[in-house]
Amino acid sequence: MASEAHGAETGGLVFHPMDQFIVKPLFGGDVINWYTPTNVTLWLAIAIVCVVALMVVGTRRRAIVPSRSQSVGELAYGFVYKMVEDVAGKDAIKFFPYIMTLFMFIVFANFLGMVPMAFTTTSHFAVTVVLALLVFVTVTVVGFAKNGAAFLGLFWVKSAPLPLRPVLAIIEVISYFVRPVSHSIRLAGNVMAGHAVIKVFAGFAAIAVVSPLSVVAITAMYGLEVLVSFIQAYVFTILTCVYLKDALHPSH
Amino acid sequence: MEGQLAHIGAGLAAIGSGAAAIGVGNVAGNFLAGALRNPSAAASQTATLFIGIAFAEALGIFSFLVALLLMFAV
């Protein structure tokens, strides 16, 4: 983004806080084609490998007294299962594998981004928009496949007085189509903002007077960001469940 | 000149994050007030709490996005 014009642009910081989000090819050069291995694809692949390591390899033995990795896997499974059941209802359980995949992938991508020197894949809109659009398309297709034209009743609020309903319908349609936008920007924006704040404090650490303070601030922000990483994954999944519930039971 | 105006606009967009902070505080504070009155019902409403926080926070993130666009895209 603003990699050239350093110094004047950075306002005295030793590095630009947004430099950490630059996509670079892994093996040199600066031409990026769709097949070029970049730091984004590397860390996406690492996230997938970690999910497989925890959920497939870690729980392989299926012990009655679970090992440490198996307990973590079971905990995550139970957590997401209960969330789908509570929020989206019993008949949404057939979408549980999809929602579980989403949750595990986002959690691992966020947590791997917290590793120093790592690249945070979920800070890029290109990654989160794909996830959110997939949810949007799934919800729309499921809604129409399950309810037919009755799915449009989602926009026709029956509980409102009749003269108000056309106005509400317009608002509901707009809010329906803004969903993937806010869904994706919430995740990417939170993660990106947190990482940028940590980098800004890291820039202050170079100034001798404030460096002890900024080290404390980095530690505190890091703790907060670990929390935010999990909560944002949770929020992304729970909103997916809410949208699915709308598709399965469109009446208000 | 135009670039400097964009920077002022980015600073103004940061007001939005303060407004989002008020919204999130409202949600969490009201949840806590309700939860202390009826602690047995609180656990079942944490999902609603997070959904409410997420919706309030999203608009603050939008203002952050506007700030970023003004800084880097204009």
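Me: What makes the packing angle of helix 4 of chain A and helix 5 of chain A what it is, and how far apart are their axes?
Reply: In this predicted model, where local features need pLDDT of at least 70, side-chain atom pairs count only at pLDDT 80 or more, and totals for chains, interfaces and linings use all residues, the two helices pack at about 140 degrees with axes 8 Å apart. Axes are lines fitted to C-alpha atoms, for helices over the stretch in contact, and angles run from 0 to 180 degrees between N-to-C directions. Residues are numbered from 1 along each chain as its sequence is written, and chains are lettered from A and ligands numbered from 1 in the order in which they are written.

Me: Which classes of residue make the contact of helix 4 of chain A with helix 5 of chain A?
Reply: It has 11 nonpolar, three polar and one charged residues.

Me: How many helices and strands does chain B have?
Reply: Four helices and zero strands, going by DSSP runs (helices H or I, at least four residues; strands E, at least two) numbered from the N terminus.

Me: Why is chain B called more spread out than a compact globule?
Reply: Its radius of gyration is 17 Å, well over the 11 Å that the globule rule gives for 74 residues, so chain B is more spread out than that. The radius is taken over C-alpha atoms, and the rule is 2.2 Å times the number of residues to the power 0.38. The C-alpha atoms of chain B fill a box of roughly 60 × 15 × 10 Å along the principal axes.

Me: How many residues of chain A are in contact with chain B?
Reply: 15, meeting 11 residues of chain B; contact takes C-beta atoms, placed from the backbone, within 7 Å.

Key
Contact = placed C-beta atoms within 7 Å. Nonpolar A, V, L, I, M, F, W, Y, C, P; charged D, E, K, R; others polar.
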